[in-house]
Amino acid sequence: MKKQDAMNRDWIATARTLSQALPYLQRYEGATVVIKFGGHAMGSDEAMETFARDIVLMQQVGVNPVIVHGGGPMINEMLDKLEIKSDFVNGKRVTDAATMEVVEMVLSGRVNKRIVQAINEQGGRAVGLSGKDANLMVCEETNPDLGFVGTPVKMHTGVLETLFKADMIPVIAPLGAGMNGETFNVNGDTAAGAIAGALKADRLLLLTDVAGVKNADGEVVTELTASHVHELTEAGVIAGGMIPKTETALNALNQGVRAAVILDGRAPNACLLELFTEHGAGSIIRQG
Ligand SMILES: Nc1ncnc2c1ncn2[C@@H]1O[C@H](COP(=O)(O)OP(=O)(O)O)[C@@H](O)[C@H]1O
Ligand SMILES: CC(=O)N[C@@H](CCC(=O)OP(=O)(O)O)C(=O)O
């Protein structure tokens, strides 16, 4: 009897959560949400399945989700196998011609198709593409010392609008087309920010492997403005891999994205918690 009572309580709580989601579902009807799915956040098959379910649910309730993925750890694995050495400068992989070939193969091939398949297995209709398709992301060389690393300079998002109209979910590998036929390797966060900016997305979600942006005491700051971010960066509290993420978030806000959120992609249902509950998740950055 006691067990039955506990089960009933769980079901009532589930129904309440669904009911409380109504205003959030209404708020995000027709909204565009760009989600950066990092290589570290992908981890296990289980994490991939939960992520894919969240994305399909989002689309089911009227959101236009756009996935931009990373895959740094998977690129490292393949470069190791091929015994190609790789270095990073300020969070960007120094990319010579041989490395570029491996980056494209891993990102457009293995990683992109794994995400596409996971979404389709949950009943969605995902289409895999890279920033080279339909000239979505045209890039210039970031810095000659980094080789084929690109900075997005011109975006053509028409292909994404076409996919939205057909109820398809774009899954984008962070590669860019050069003006002279080159292929560029673009940091996943940078690519997600550029795409969110060009779409003037309602939300940019950057999924990573920490709960959010932490302050000097190691606590997650749930709400931040641009000036908070500058203060924490100048104090050296925002460091390493968090610097390109917060920079991407601020650039996206400057281009008209309403808010950017940095959250733990390994936490179950992180995207749903952020979009459709009062609780939210991670650190939300708004124009201040
Ligand atoms: N203030 C901070 N708050 C949270 N994480 C921080 C902070 N400063 C530096 N970091 C580091 O940034 C990392 C996230 O960046 P990164 O490893 O590049 O993520 P990803 O692989 O998901 O793109 C965290 O794991 C953490 O070690
Ligand atoms: C220029 C550059 O550094 N590109 C990245 C692209 C992948 C990426 O960003 O992957 P994560 O998001 O998983 O780190 C790289 O070569 O690793």
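Around ligand 1 sit 16 residues, with Gly38, Thr208, Lys214, Gly241 and Met242 coming nearest (near means a C-beta atom, placed from the backbone, within 6 Å of the molecule). This is a predicted model, so local features need pLDDT of at least 70 and side-chain atom pairs count only at pLDDT 80 or more, while totals for chains, interfaces and linings use all residues. Residues are numbered from 1 along each chain as its sequence is written, and chains are lettered from A and ligands numbered from 1 in the order in which they are written.

Helix α3 (residues 39-42) gives the largest share of the ligand 1 shell, 3 residues; helices here are DSSP runs (H or I, at least four residues), strands likewise (E, at least two), numbered from the N terminus. Ligand 2 is surrounded by 15 residues, the closest being Gly39, Gly70, Gly72, Arg93 and Gly188. At least two residues of that shell come from each of α5 (72-81) and β4 (92-93).

As for helix packing, α8 (residues 188-199) and α10 (residues 242-254) pack at about 10°, axes 9 Å apart (axes are lines fitted to C-alpha atoms over the stretch in contact, and angles run from 0 to 180 degrees between N-to-C directions). That makes α8 roughly parallel to α10, a label for angles under 35 degrees. In this contact (C-beta atoms, placed from the backbone, within 7 Å), α8 residues including Asp189 and Ala192 meet α10 residues including Lys245 and Ala252.

Leu204 touches, among others beyond four places away in sequence, Val34, Ala192 and Ala252.

Notes:
Contact = placed C-beta atoms within 7 Å. Parallel < 35°, antiparallel > 145°, perpendicular 65-115°, else oblique.
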